[in-house]
Amino acid sequence: MGLKSLLVCTDAKTVQTITSVLLEMGMNVELCGDPSIACECLSTQHFDAVLVDCQNEGATNFLSQIRSDPSHRDAVAIAILESHTNAPDMFAKGAAYVLYKRTSEERANQRIAPAPTRTERRLTPRIPVDANASIAYANTENDVIRVLDLSINGMAIYSPKPLPRDCKVYFQFSLPGEAATIRLSCEVIWQNDSGNVGMRFAHVPQASRRVLEYWTKNKVGSELQVAHSPGDEPSSDLRQRLVAQLGLIAAPPSDRRHQPRHPCALGAQVSRAGSTVQQRCVISDISSGGCYVQTSEPLPVGTSIEVAIKTQELNLRMLGNVQIVHRGLGMGVQFKSRKSPEELQQLISGLESQVPV
């Protein structure tokens, strides 16, 4: 039995672009324009991937329902967006990946475009990767980006802000399954408005080169095998293929939540642990394990913070660590306490009772 995908979208151009890619991957595509009908499809059929165009509230609510359906918890949930602005909310709703419409169009155009220029002619295969990396350049240090794919000569990354073309960019990261840290410098070859950047390695120390060559050598064979194996495939392999073919941006591992997040709009005070300097922020969603803090000045990943939420009914203070940062938008926070305090459970119960039927 072949792999099946459900595409919830009414935009003709987007449908045509994504459908062509999915069919090329050998996936069956079920098209649905109405989220309520898509819910019925979920109840009667099984889908390996669900792609949702999040233009309206009904579509985003449908994205949340995918994760609450036991038969589709392993399905690859993908939110289709116009821009970066709503990405944190879509990750909070349960999307494992986001796809920007412009990126999908670029990927489709690459299939029918003339031969690439010399700088983009790849001599080695790119392997899909999902890893954090620390970068530094000019007056910037320790920014965190995502590595999307990798070869021994270069890589593609996602960066929330443009990178300079006139200087080297320095990276530190570890590959999945490898304990060694790779350190190297790169040059920007291309970048687009969606935050995707193509990098060419400028200098790779010998120790890092050995790790890269060993890792890519072991991965290339398995990637080629996946591309040609018929029938059903493991979910992880499907994810890698979708990332590579559609140019998906993954939710960081810390943002793939086991507890359901409850949308809200709660005023809060946020401060570094042990500091008296507070920021006034808004909590846009919360669970027993963490919350998302909307702020134009998020704190760095790994920072220990205190979140204070005060309402007429309760006065809640929680310690946590910053797990993910979206510059200019906010930060995802994981609470430190393994056992939720009674006040937090009371708050969540109140939010659950407000959900419309």
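# Close-up views of a predicted model

**View 1**
Ser 271 is buried, at a relative accessible area of 3%. Buried stands for under 20% relative accessible area, exposed for over 50%, and partly exposed for the range in between (1.4 Å probe, protein chains only). This is a predicted model, in which local features need pLDDT of at least 70, side-chain atom pairs count only at pLDDT 80 or more, and totals for chains, interfaces and linings use all residues. Residues are numbered from 1 along each chain as its sequence is written, and side-chain values use heavy atoms, with hydrogens and water left out. Helices (H or I, at least four residues) and strands (E, at least two) are DSSP runs, numbered from the N terminus. Leaving aside residues up to four places away in sequence, Ser 271 touches Val 277, Gln 278, Ser 304, Ile 305 and Glu 306. Contact here means heavy atoms within 4.5 Å.

**View 2. Glu 306 in strand β16.**
Is Glu 306 buried, exposed or partly exposed? Glu 306 is partly exposed, with a relative accessible area of 24%. Its strand, β16, covers residues 304–310. Residues up to four places away in sequence are again not counted: Glu 306 touches Gln 269, Val 270, Ser 271, Ala 273, Arg 317, Met 318 and Leu 319. The pair Glu 306 and Ala 273 is 33 residues apart along the chain, yet 5.5 Å separates the C-alpha atoms.

**View 3. Strands β13, β14 and β15.**
Strand β14 (residues 278–286) pairs with β13 in the antiparallel sense, over eight bridges. Two strands count as paired if DSSP finds at least two bridges between them. Gly 267 stands opposite Val 282 in β14. Five residues lie between the strands in the β13 and β14 hairpin, where Gly 274 takes a positive phi near 85°. β14 also pairs with strand β15 (residues 290–294), antiparallel, over four bridges. Three residues separate β14 and β15 in their hairpin. Ile 286 has Cys 291 of β15 as its bridge partner.

**View 4. The six-strand barrel.**
In what order do the six strands close into a barrel? The order is β6-β7-β8-β11-β10-β9, with antiparallel pairing. From one strand to the next, the twist averages 45°. Axes are lines fitted to C-alpha atoms, for helices over the stretch in contact, and angles run from 0 to 180 degrees between N-to-C directions. β7 and β8 pair in the antiparallel sense over four bridges. Asp 149 stands opposite Ala 156 in β8.

**View 5. Nonpolar cores.**
The largest nonpolar core has 27 residues. Such a core is a set of buried Ala, Val, Leu, Ile, Met, Phe, Trp, Tyr and Cys residues joined through side-chain atoms within 4.5 Å. Leu 150, Met 155, Phe 171, Phe 173, Leu 184 and Met 199 have the most contacts inside this core. At least two core residues come from each of β6 (127–137), β7 (140–150), β8 (154–158), β9 (169–173), β10 (182–191), β11 (196–203) and α6 (206–228). β6 supplies the largest share, six residues. A second, separate core of 26 residues includes Cys 32, Ala 77, Met 90 and Leu 148.

**View 6. Helix α1.**
Helix α1 has 13 residues, 12–24. The expected span is 1.5 Å times one less than the number of residues. That gives 18 Å for α1, and its end C-alpha atoms are 18 Å apart, which agrees. Buried positions in α1 are Thr 14, Val 15, Thr 17, Ile 18, Thr 19, Val 21 and Leu 22. Just after α1, Gly 26 takes a positive phi of about 85°.

**View 7. Glu 82 in a loop.**
Glu 82 is found between β4 (76–81) and α4 (87–93). Glu 82 is exposed, with a relative accessible area of 60%. Not counting residues up to four places away in sequence, Glu 82 touches Gln 55 and Lys 101. Leu 99 is 17 residues from Glu 82 along the chain, and their C-alpha atoms are separated by 8.6 Å.
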